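Welcome, and please open the model in your viewer. We will go from stop to stop, with something to select at each one.

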Amino acid sequence: MTNKPLAAIYIRVSTEEQAKQGISLDAQEEALKNYASALGYEVFKIYKDEGKSAKDIKGRPEMRQLLEDSQKRKFQAIFIYKLDRFSRSLRDLIETIEKLKDWGIDFVSLQDKIETTSASGKLMFHIISAFAEFERNVTGERTKFSMNKKASDGNPITRAPWGYKIENKKLIPTEHSYQVQEVFQEFLNQNISLTKLSKKYGFSVNGLKKILKNHSYLGKIKFDGQIHQGAHQPLISSTLFNHVQNKLEKLGIK
């Protein structure tokens, strides 16, 4: 028995990459085994994804197994040859390493000189994390701007609400859109609970609440707290909508 900490080695190369760069699995494996040994680790297992792309983890069974074993804490560190062997998405890479940190698993990249076992390695990781966060924020701002533009133009920004369908990026009433008016009228004028009404039309109670509060049925588009005039046909009147909102409020339904 040994008291050395255990390390997992992950290696991946696609056929195309190997032809271009000549970085074979055997070469990666040998270099990583030596590096792990030099740092005082004993190799627990070598995970190999041969001929696999880095684009999607679903297509890499050994990577999936590696993460499952990491969560079970079967070893103390993961060694990889280069960051792009692990993931080509900086965001996915950072999120995965953060999970490993939560599980108490160190992360070492041989070629990039990045590891989470030393002060300098942790500093480098924090710098990469900062860039990843910056990328997420920029992407979020762009997405929000695009969605806000769609809403201000009166176009849908999510999937079509019940009673509508999307054609040519526009909301169009379906053949059953008349049921929207029926639901609002029944809730307002009949002594029927949300539970019974939702069951009648095949919704969950929360789903029915969302329908009764949806401004889309007024011909409006709501996004980020702002209500814009939509480019689609309303299915109910503002009078009916407002009466329903008053009843919901009186009943304490949020």
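The tour below visits aromatic rings, a leucine and a pair of helices.

Before you start, note that this is a predicted model, in which local features need pLDDT of at least 70, side-chain atom pairs count only at pLDDT 80 or more, and totals for chains, interfaces and linings use all residues. Residues are numbered from 1 along each chain as its sequence is written, and side-chain values use heavy atoms, with hydrogens and water left out.

**Stop 1: rings around Phe 79**

A search of the whole structure finds 9 aromatic pairs (rings of Phe, Tyr and Trp, the last by its six-membered ring, with centres within 6.5 Å; planes under 30 degrees apart are stacked, over 60 edge-to-face, the rest tilted). Select Tyr 35 and Phe 79: their ring centres are 6.0 Å apart and their planes stand at 80°, so this pair is edge-to-face. Tyr 35 belongs to helix 2 (residues 25-38) and Phe 79 to strand 3 (residues 77-80), so the pair ties together parts 44 residues apart in sequence. Helices (H or I, at least four residues) and strands (E, at least two) are DSSP runs, numbered from the N terminus.

Is Phe 79 buried or exposed? Phe 79 is buried, with a relative accessible area of 0%, while Tyr 35 is partly exposed at 24% (buried is under 20% relative accessible area, exposed over 50%, partly exposed in between, using a 1.4 Å probe and protein chains only).

Tyr 41 sits in the loop between helix 2 and strand 2 (42-50), so its pair with Phe 79 in strand 3 joins parts 38 residues apart in sequence. Tyr 41 is buried, at 12% relative accessible area.

**Stop 2: a ring cluster**

Next, select Tyr 164, Phe 184, Tyr 217 and Phe 241, which form one aromatic cluster.

**Stop 3: Leu 83**

Move to Leu 83, in helix 4 (residues 83-86). Leu 83 is buried, with a relative accessible area of 15%. Leaving aside residues up to four places away in sequence, Leu 83 touches Leu 93, Phe 107, Ser 109, Asp 112 and Ile 114 (contact means heavy atoms within 4.5 Å).

**Stop 4**

Finally, show helix 8 (residues 194-201) and helix 9 (residues 205-212). Their contact is made by Leu 194, Thr 195, Leu 197 and Ser 198 of helix 8 and Val 205, Leu 208, Lys 209 and Leu 212 of helix 9.
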